[in-house]
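Here's a quick tour of a model, meant to be read with the structure open beside it. Grab a viewer and follow along.

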Amino acid sequence: MSITGFIAKNAFRNRRRAALSVVSVAVSLFLLVTLLVGVRELTVPPEDLGTASRIIARNKISLANLLPARQRATIEKIPGVLAVTPFTWFGGTYKGEQAMTFAQFAVDPATLFQVMEDAKMPADQLAAFQAERTTCIVGKVTAEKYGIKVGDRFQLGGTFWPYDLDMRVAGIYQGTIDDRNIFFHHKYLDELSGGGQVGTWWIRATSTEQVGPVVEAINKAFANTSAEVRAETERAFQLSFVSMMGNIKLLIHSICSVVVFTLVLVSASTMSMAIRERFRELAVLKALGFRRRELFSFILAESFGLAMAGAVLGVGGAYCLFTYLDVSKLTNGIFVVLEVTPKIIGVSCLVAASLGIVSSIAPAISVARMSVVEGLKTLD
Amino acid sequence: MALPITYNIRNVLVRWRSTLATILGIALVVAVYMMVQALAVGLQQNSANTGDERNLLIVRKGSTAESSSQVTREQLQLLKFVEGIDKDAKGQPLISADVLVLINLPRKEGRGEANVLVRGVSPAGLELRPQVKLVEGRWLSPGKREVVASKRLAGRFAQLQIGDKFKTAGQELTVVGWLEAGKSAFDSEIWMDADEARSVFDREFYSTVLARVSNAAAAAAITNRLETDKRLPLRGLRETDYYKSQTMTATPIRFLGNFLATAMSVGAIFAAMNTMYASVGARTREVGTLRVLGYRRRTVLLSFLLEGAFLSLLGGILGCLLSLPMNGYSTGTLSFENFSEVVFDFSITPALIMKGLIFSVIVGLIGSLFPALRAARLPVIASLKSL
């Protein structure tokens, strides 16, 4: 029998225990990958093509304070600005649902698709949307979720704004990083509220190089006015939400370390159990002339192999799950995508590898210490 | 029955080396579960602590947060003279019209920014909320650009020390005092004068109105009138009920806790299974002896189940002890109701400890079910012969 065969035979001689160890390592690594991916999505928001050239301007006091609509003319005149649209969060409720899975924004239909360059929609639908004031367009994900078709009636109840909206669906768009949002005419909202106020401005710069100067120019243009503006890149805007979440990153990272520690405990004890069971055989091997080093490598190979099998199952399983399944449906819209990056795969496999090594240390030491006679005498 | 119980329980203690890792593993799983749930419980207590039974909160119909509510000055005038509102010593109605504004403030040590809720209160506002107490500095003077910040917020934000000035909406506000509000939602707020807030933030309207209506029948009458009066598109409800219903923020945390508990408990169950299988395997002869002595299969089954439950209960107790130091630790996150920072404590309640212990026992029972079945099914003669 070859050495490899010997190790494999040993690892699987108690099939149930081997399976239980592999699966428990796999489950824990799956959890670890899920947490790492989740915290990455929360702290490093997804971006698409347009992210680099988009700028968001909000009220300097905070996002919840509105801006005067008259600012638009000033922003449009700034060199380097390609297109501007108001972007006002409506915060309505749909079909009486408590937790909303999509956001609704009042925008300017004429410039929306210039600002959101990634959004794709048939030309006739876009024309229909731009032509009629009480129409809206629906993201593909939301449209599929609720079975919304072009031409359907779409009603929203107001919470943040004290008005209810009654609209017709003019089109269904796709291609943005988050195809869930609903867009409708800002004029419709103005008509109900009397107008004059918008939530934020979304601006597209002519090129990525222009972003910095445009941001600066916007901030300067409204400094010391009654409505001071904070313009920033879309990236910085997204990251400000991360900062608001507080200590969530710390919380998840501490949970990750507990998971890893638990893993070490469990697999180390399993490995010790496996070795204790065959103390006598190891004593026989010793008597036959195998050295400590060789015995250690047997134990190490077995424990490493089991841990790596768990890694393949757990990390691979997580990768397949998050890559090939519809994450947005799976998490009910909490996450749009869960990207298992090479770094996360690397970290998890590294955890598994060190797990294999660490859990072989204790049994290896006890084997090294045992005298042949003592080992041969062991009963169980 | 006595022997199988003592035998199995003593066994857990005698073989402590092999069971210790399992116990620790279960302890860590329980500790994680407890800590995440303690966050959810703390958040919930935070909103449940808020308000006074005697107060009626009046908000705009349809608004889901105080900050998105609107009450016009005309509506406030009408409300002031509604019958049933308690009067103060001078015979004025005990009513406060509040303005709620979210402002963006830098966190301490340059760790980004977050939204904080500013509450502009009328002079009666403090009297209406006996939970809120000044702990340092002095109270704000009406008509001045002064604020009293929550002491707990001051621990998290850069510019809220007494004497600090911070700029918002182009105006400078001075922090003159710190308040504490008995671990309620007011502990996440900055207070200032309502009319100053309206002028600084250029608000035409008030956000909400709070009135003391200690007579329950009068409160019901006012609520009813608001429901039917077309001139007043407002809704009245007990202040305590309003805050109690604010549970949106705790929901995802609870979800995270349950997800973690489920995933980690699968690992813990496998660990318990491994330990118990090894334990049964090593005691095959002893089990045979028990059977020869006349103990029945179901007794053996039960006793091994008990052993598993006892083992993981020890883990559960240890887990609870591990999580206890977090009790009362203050933290903060984004409130999904107000979209602002909410400061609250990890809160480990007796009910939560009970849940943690039950959870650990369930893990133990599931983990020991198959090993116990195996022990119960061992053929007597063969097991007696085994080494």
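What pLDDT does chain B average, and what share of the residues score at least 70? The average is 89, and 99% of the residues in chain B reach at least 70. Keep in mind that this is a predicted model, with an ipTM of 0.79 and a pTM of 0.83.

**Chain A overall**

- Chain A has 15 helices and 11 strands.
- Its radius of gyration is 30 Å, whereas a compact globule of 380 residues would come out near 21 Å.
- Along the principal axes, the C-alpha trace of chain A spans about 95 × 45 × 35 Å.
- Of the 380 residues in chain A, 40% are buried.
- Among contacts in chain A with a separation of 6 or more, 80% link residues 24 or more positions apart.

**The sheet in chain A**

- Nine strands of chain A form an open sheet with mixed pairing, in the order β6-β7-β5-β8-β4-β3-β10-β1-β11.
- At the edges sit β6 (153-156) and β11 (229-233) of chain A, each of which pairs on one side only.
- From one strand to the next, the twist averages 35°.
- Look at β4 (residues 104-107) and β8 (residues 182-185) of chain A: they pair in the parallel sense, with four bridges. Here A:Phe105 has A:Phe183 in β8(A) as its bridge partner.

**Helices on that sheet**

- Helix α8 (residues 211-221) of chain A lies across β1 (54-59), β3 (81-89), β10 (200-205) and β11 of chain A, and runs at about 170° to β11(A).
- α9(A) also packs on the sheet, where it touches β1 and β11 of chain A. Its direction makes about 105° with that of β11(A).

**Where the chains meet**

- On the chain A side, 41 residues are in contact with 48 residues of chain B.
- Three helices of chain A each supply at least two residues to the side that touches chain B: α2 (15-43), α9 (234-244) and α10 (248-277).
- α10(A) gives the most to that side, with 12 residues.
- By class, the side of chain A that touches chain B has 20 nonpolar, 17 polar and four charged residues.

**Strand β8 of chain B**

- How much of β8 (residues 189-193) of chain B is buried? Five of its five residues are, so the rest of the structure largely encloses this strand.
- β3 (residues 113-121) of chain B runs parallel to β8(B), and five bridges join the two. In this pair, B:Arg119 stands opposite B:Trp191.
- β5 (residues 146-150) of chain B pairs with β8(B) in the antiparallel sense, over three bridges. Here B:Val147 stands opposite B:Met192.

**Two positive phi values in chain B**

- As background, most residues other than glycine have a negative phi.
- B:Ala169 has a positive phi, near 50°. This alanine lies in the loop between β6 (165-168) and β7 (171-180) of chain B.
- B:Ala169 counts as buried because 20 other C-beta atoms lie within 10 Å.
- B:Lys183 has a positive phi too, near 55°. This lysine is found in the loop between β7 and β8 of chain B.
- Is B:Lys183 buried or exposed? B:Lys183 is buried, with 20 other C-beta atoms within 10 Å.

Key
Residues numbered from 1 in each chain as written. Chains lettered and ligands numbered in written order. Predicted model: local features only at pLDDT ≥ 70, side-chain atom pairs only at ≥ 80, totals over all residues. Contact = placed C-beta atoms within 7 Å. Nonpolar A, V, L, I, M, F, W, Y, C, P; charged D, E, K, R; others polar. Rg over C-alpha atoms; globule rule 2.2 N^0.38 Å. Buried ≥ 20, exposed ≤ 12 C-beta atoms within 10 Å, placed from the backbone. pLDDT = per-residue confidence, 0-100. Pairing = 2+ DSSP bridges. Axes fitted to C-alpha atoms, helices over the stretch in contact; angles between N-to-C directions.
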